[in-house]
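Q: Hi! Could you walk me through this structure while I have it open?

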Amino acid sequence: DQQVKQNSPSLSVQEGRISILNCDYTNSMFDYFLWYKKYPAEGPTFLISISSIKDKNEDGRFTVFLNKSAKHLSLHIVPSQPGDSAVYFCAARNQGGKLIFGQGTELSVKP
Amino acid sequence: SAVISQKPSRDICQRGTSLTIQCQVDSQVTMMFWYRQQPGQSLTLIATANQGSEATYESGFVIDKFPISRPNLTFSTLTVSNMSPEDSSIYLCSVEGEGFSSYEQYFGPGTRLTVT
């Protein structure tokens, strides 16, 4: 039972354009959502998060949107840079405080 | 910002042997966790390392296979016992609380384990 899904295994974007990474979840009781970025041979790096009581959180080039009725969140990166090329994981926090991760989306930003 | 380190960073082990992975944080933390990322897969929580008491394991993971210690608020170990090739994964520790923001977990660099 995959409670957190990232349906796009990969995404390719031109430098300077917007990257939109999507994530869907099934459990309406999740109270916090996070995005992580992972380079090969490194641990995941925390990027940005959003509480379930909000619908948007912005930090520099990164914005996360939450649509609770659709059980959907997205990460927008604008403008995209080649250094953003990595695997992006969304995660949801359940009532026990544990994180449930999606499968990841590999973003490639081309110069 | 606080630093999370793991030792070893990688290892190649023979089946049937055991490997202990260390996680060290340079500040006290409330929560420490251990995850596994199998090749091409997402991150899966193995257990929560509880300071001064037995770890709390997720479904599918048992103490005999993955014994965990957490003697203080800055250090934990995970042992992968009686290894088989199916245990080849990246093992990650993460922390939450105290010197870190609540609700946000921060990860160590990972230990890449290959079992032959």
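Q: Is A:Gly60 buried or exposed?
A: A:Gly60 is exposed, at a relative accessible area of 62%; over 50% counts as exposed. Keep in mind that this is a predicted model.

Q: And where is A:Gly60 found?
A: In chain A, A:Gly60 sits in the loop between strand 6 (56–59) and strand 7 (62–67).

Q: What separates the C-alpha atoms of A:Gly60 and A:Ser80?
A: They are separated by 12 Å, with the two residues 20 apart along the chain.

Q: Back to strand 6 and strand 7 of chain A: how many bridges do they pair over?
A: The two strands of chain A pair over 4 bridges, in the antiparallel sense. As an example from that pairing, A:Asn57 stands opposite A:Val64 in strand 7 of chain A.

Q: How many bridges join strand 1 to strand 3 of chain B?
A: There are 4 bridges between strand 1 and strand 3 (residues 19–25) of chain B, and the two run antiparallel. Within that pairing, B:Ile4 has B:Val25 in strand 3 of chain B as its bridge partner.

Q: What about strand 11 of chain B: which residues are on its covered face?
A: In strand 11 (residues 111–115) of chain B, the covered face holds B:Thr111, B:Leu113 and B:Val115. The uncovered face has B:Arg112 and B:Thr114.

Q: Which way do strand 2 and strand 11 of chain B run, parallel or antiparallel?
A: Strand 2 (residues 10–13) and strand 11 of chain B run parallel, joined by 4 bridges. B:Asp11 stands opposite B:Leu113 in strand 11 of chain B.

Q: And how does strand 9 of chain B pair with strand 11?
A: Strand 9 (residues 89–96) of chain B pairs with strand 11 of chain B in the antiparallel sense, over 3 bridges. There, B:Ile90 stands opposite B:Arg112 in strand 11 of chain B.

Q: Zooming out, what does the secondary structure of chain B come to?
A: Chain B has 0 helices and 11 strands. Its radius of gyration is 13 Å, close to the 13 Å that the globule rule gives for 116 residues, so chain B is as compact as a globular protein of that length.

Q: What box do the C-alpha atoms of chain B fill?
A: Along the principal axes, the box is roughly 40 × 25 × 20 Å.

Q: What about the contacts in chain B between residues at least 6 apart in sequence?
A: Of those contacts, 55% join residues at least 24 apart.

Q: New topic, aromatics. How many aromatic pairs are there over all chains?
A: A search of the whole structure finds 13. One of them is A:Phe89 with A:Phe101, an edge-to-face pair at 6.5 Å centre to centre and 80 degrees between the planes. That pair links distant parts of the chain, with A:Phe89 in strand 9 (residues 86–93) and A:Phe101 in strand 10 (residues 99–101) of chain A, 12 residues apart.

Q: Are A:Phe89 and A:Phe101 buried or exposed?
A: Both are buried.

Q: Which pair crosses between chains?
A: One such pair runs from A:Phe101 in strand 10 of chain A to B:Tyr35 in strand 4 (residues 31–37) of chain B. The ring centres of A:Phe101 and B:Tyr35 are 5.7 Å apart and their planes are at 90 degrees, so this pair is edge-to-face. Both A:Phe101 and B:Tyr35 are buried.

Q: Which residues form one aromatic cluster with them?
A: The cluster is made of A:Tyr36, A:Phe46, A:Phe89, A:Phe101, B:Tyr35, B:Tyr106 and B:Phe107.

How values were computed:
Residues numbered from 1 in each chain as written. Chains lettered and ligands numbered in written order. Predicted model: local features only at pLDDT ≥ 70, side-chain atom pairs only at ≥ 80, totals over all residues. Heavy atoms only, no water. Pairing = 2+ DSSP bridges. Rg over C-alpha atoms; globule rule 2.2 N^0.38 Å. Contact = heavy atoms within 4.5 Å. Buried < 20%, exposed > 50% of the residue type's maximum accessible area, 1.4 Å probe, protein only. Phe/Tyr/Trp six-rings, centres within 6.5 Å; stacked < 30°, edge-to-face > 60°.
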